Amino acid sequence: MKQHTKWFVTTLAVASGLAIANSAQAQAITGTPYLSNINPADASFSGYWATPLATITSTPTGLEFNAPGGGGSFSTMYYAIPSGQQTTLNPLDTQVTFNFTWNSGNAVAGVNVLFALDDSMGGVNYYGTGYNVPSPGLNSYTLALQAANQAHVTAGAIINGLNFQIDPANVSGNYDITYSSITLSQVPEPTTLALVGFGTVGLLAFRRRK
């Protein structure tokens, strides 16, 4: 293998390793990659999520809600995370990534999908998607931790409760949504991003020269 080829391969390997290490630092708030270990019987519901109006099911990819939309259909769920599911967080965490799957429903004017993180030091912050028309399938949002959660996570707090909310008043009929995952992580370091970009550019240049 030529020397410059070895250099490109080494650069890419280092960059990839750093990127993987960074992604591995993300902590799922209930201890699993998906919100699949939430038992609906252990949560409390209001609005149109109250059964039997809604069907709420724990699935391998998260907590699925099949519920009516329309006027007055704002709904909530609260779940106190049991000690066995609580996750030790990295005090350097600065952001939260929220994934949900829009399985079906005609959200012609947008749906506001919200969640709140309750931390063990008394902080409660709400995070929302805004009134967006969800794409069929996976929808992902990465948001900065808000002041109370951020300060408390930095001080060693854990997340011990969460609240889901949805305002699907613009959905004319039933909708089906799966709350898939909520993870906390730190923003990737600039050096990691630079190495990934540098290695990619180098590889592209090398392929052109060949």
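This is a predicted model: local features need pLDDT of at least 70, side-chain atom pairs count only at pLDDT 80 or more; totals for chains, interfaces and linings use all residues.
Leaving aside residues up to four places away in sequence, T59 touches S36, E64 and T178.

Now to the sheet. What order do its strands take? The sheet is open, has five strands, and reads β2-β5-β10-β7-β8, with antiparallel pairing. At the edges you'll find β2 (44-46) and β8 (124-128), each with a single partner strand, so one side of each has no neighbour in the sheet. On average, neighbouring strands here are turned by 15 degrees against each other, ignoring direction.

Let's zoom in on one pair. Strand β5, residues 75-80, runs antiparallel to β10, residues 159-167, and six bridges join them. In that pairing, T76 in particular stands opposite Q165 of β10. There's a helix on this sheet too: α2, residues 147-154, packs on it and touches β7 (112-119) and β8. The direction of α2 makes about 120 degrees with that of β8.

Last stop, the core. Which members of the largest nonpolar core touch the most others? Out of 36 residues, those are W49, L117, F164 and Y179. Elements giving two or more residues include β4 (62-68), β6 (95-104) and β7, and β11 gives the most, with five. As for W49, not counting residues up to four places away in sequence, its contacts include F164 and Y179, and also T76 and Q165, the two from our strand pair.

Notes: Residues are numbered from 1 along each chain as its sequence is written. Side-chain values use heavy atoms; hydrogens and water are left out. Two strands pair if DSSP finds at least two bridges between them. Helices (H or I, at least four residues) and strands (E, at least two) are DSSP runs, numbered from the N terminus. Axes are lines fitted to C-alpha atoms, for helices over the stretch in contact, and angles run from 0 to 180 degrees between N-to-C directions. Contact means heavy atoms within 4.5 Å. A nonpolar core is a set of buried Ala, Val, Leu, Ile, Met, Phe, Trp, Tyr and Cys residues joined through side-chain atoms within 4.5 Å. Buried means under 20% relative accessible area, exposed over 50%, partly exposed in between (1.4 Å probe, protein chains only).
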